[in-house]
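Begin with the terms that are needed, and then go through the topics one by one.

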Amino acid sequence: MIDQIFVSMAATIAFAVLFHVPQSEYLLCGINGAIGWMVYLFCTSRGTGGTVASIWATVALTLIARILSAVRKMPSTVFLITGIFTLVPGTGIYYTSYYFVMNDLEQCAAKGIETFKIAGAIVLGIIFGLMLPQSWFNQLGRIWNRNR
Amino acid sequence: MSESKEILNLAISVGEVLLKSGGEIYRVQETVTRILEAYGIWDYHVFVITNGIFATVNEQREDAGSMVRYVPIGEVNLKRVAEVNQLSREICEKKCSIMEAYEKLEQCRNSASAGNLALVFACGVGSAGFCYLLGGRLYDSMVSFFLGVLLQMFLFLAGKHYASRFLMNILGSALVTAGSLILYVAGAGILSDKVIIGGIIPLVPGVALTTGIRDLFSGDYLSGGIRLMDALLTGMCIAIGVGAMIKLFQLLGGGALLL
């Protein structure tokens, strides 16, 4: 479990480097990514499929990214793009093409649809996360920065 | 140049840097209009899509100005997005004159970002990390690390020769797959599928997907559509690269190879 936390954090930070995130935000990006992955693991361990787990994880990620962006006065994209990488369906892309060339079309279609489902789940998750009005987050950021 | 033109040029240049570095459409649009307002221009129209900015100011007056800027999709650089965001905040608080703003924009453009070595290392760590997260063992992750390093080196090399992005994605994923399968066939005892998945993760269109959704959600359907199309095509390119390489190995092994 602990290894999963650290590895997902390290992987997210690696992507933060790849996308030239400001150095002061590396750790927060990593934490955000790790939280997303934890939510995903928690949901799947409770028996939800990958799709539902992706929705919850993305909602959590998006909300935390927005809070962080208000507190750190950074564009929320910085935390969102790096955090979301733990959930993007790379596995699905691989298995879809694998079964395609293996001529196992039934599995190929199943995996392909699953990939699209997860992509759609991420879409939904981000949309849910963006639904709360921005003014709440601005207020939160103001309170946080005043108390410091 | 009349003053209104100068202000327009500044606003659009700021927007251009933002758009190129991976900012969302509404952010670019808002930044441009806020800068125009900060310098006292209230009669304006700004239209932004994924690869272009169109704007006019003071259409009805003597000093009317209009500009069109073509912005090809560039490398994602979130540091630049953050810095330009800061700059536009300063401009809105009327902290800097037009000339100062130009200077600061130039600084943003040339600001140092992570070096190539750091990028290569980061790509390796990212690949290894995902290989581990998605079910690989420590040993597989180490192999994935080297494939990630190799992949980023290849991307640098291809980028120097202005290869098309689609070709880069196909060849990049083929490279990762080939590397993994060669080791597998040589009897290294790796879980070849996990290694490949880890290796192709840096190519996966996470940025295009996320930005595309945010564009769609803020009502920029055209731009969101462009990004999502980009994400879809990139995903397909990766699949083509992986699939072609697996097929090739299968043919070389006379179909006997159990992958």
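In what follows, a residue is called buried when its relative accessible area is under 20%, exposed when that area is over 50%, and partly exposed in between, with a 1.4 Å probe and protein chains only. This is a predicted model, in which local features need pLDDT of at least 70 and side-chain atom pairs count only at pLDDT 80 or more, while totals for chains, interfaces and linings use all residues. Residues are numbered from 1 along each chain as its sequence is written, chains are lettered from A and ligands numbered from 1 in the order in which they are written, and side-chain values use heavy atoms, with hydrogens and water left out.

**Chain A as a whole**

- Chain A has seven helices and zero strands, where helices (H or I, at least four residues) and strands (E, at least two) are DSSP runs numbered from the N terminus.
- Read along the sequence, the pattern of chain A is therefore written α-α-α-α-α-α-α.
- The C-alpha trace of chain A spans about 60 × 30 × 25 Å along its principal axes, and 55% of the 148 residues of chain A count as buried.

**Loop residues in chain A**

- A:H20, in the loop between α1 (2-18) and α2 of chain A, has a phi near 55°, a positive value in a residue other than glycine, and A:H20 is buried because its relative accessible area is 4%.
- A:K73 lies in the loop between α3 (50-72) and α4 of chain A and has a phi near 55°, again a positive value in a residue other than glycine, but A:K73 counts as partly exposed because its relative accessibility is 48%.
- A:L87 sits in the loop between α4 and α5 (90-101) of chain A and is buried, with a relative accessible area of 6%.
- The C-alpha atom of A:L87 is separated by 10.0 Å from that of A:A121, although the two residues are 34 residues apart along the chain.

**Salt bridges**

- Over all chains, a search of the whole structure finds twelve salt bridges, each being a side-chain nitrogen of Lys or Arg within 4 Å of a carboxyl oxygen of Asp or Glu.
- A:E25 is buried, with a relative accessible area of 2%, whereas A:R72 counts as partly exposed at 35% relative accessibility.
- In chain B, the side chains of B:K104 and B:E90 meet in a salt bridge at 2.7 Å, N to O; this pair also links distant parts of the chain, B:K104 in helix α4 (residues 98-110) and B:E90 in helix α3 (residues 78-92), 14 residues apart.
- B:K104 is partly exposed, with a relative accessible area of 31%.
- B:D140 forms a salt bridge with B:R137, their closest N and O atoms being 3.1 Å apart; B:D140 counts as buried at 0% relative accessibility, while B:R137 is partly exposed at 39%.
- Salt bridges that share partners also join B:E24, B:R27 and B:R214 into one network.

**A nonpolar surface patch**

- A:F116, B:F166, B:M229, B:L232, B:L233 and B:M236 make a nonpolar surface patch of about 580 Å², with accessible areas from the Shrake-Rupley method with a 1.4 Å probe, where for residues only the protein chains shown count as cover.
- Patches are made of residues with over 30% relative accessible area and no salt bridge, like charges being joined within 9 Å and nonpolar side chains (Val, Leu, Ile, Met, Phe, Trp, Tyr) within 5 Å.
- Helix α10 (residues 221-252) of chain B gives the largest share of the nonpolar patch, four residues.
- B:L232 has its place in helix α10 of chain B and is partly exposed, with a relative accessible area of 38%.
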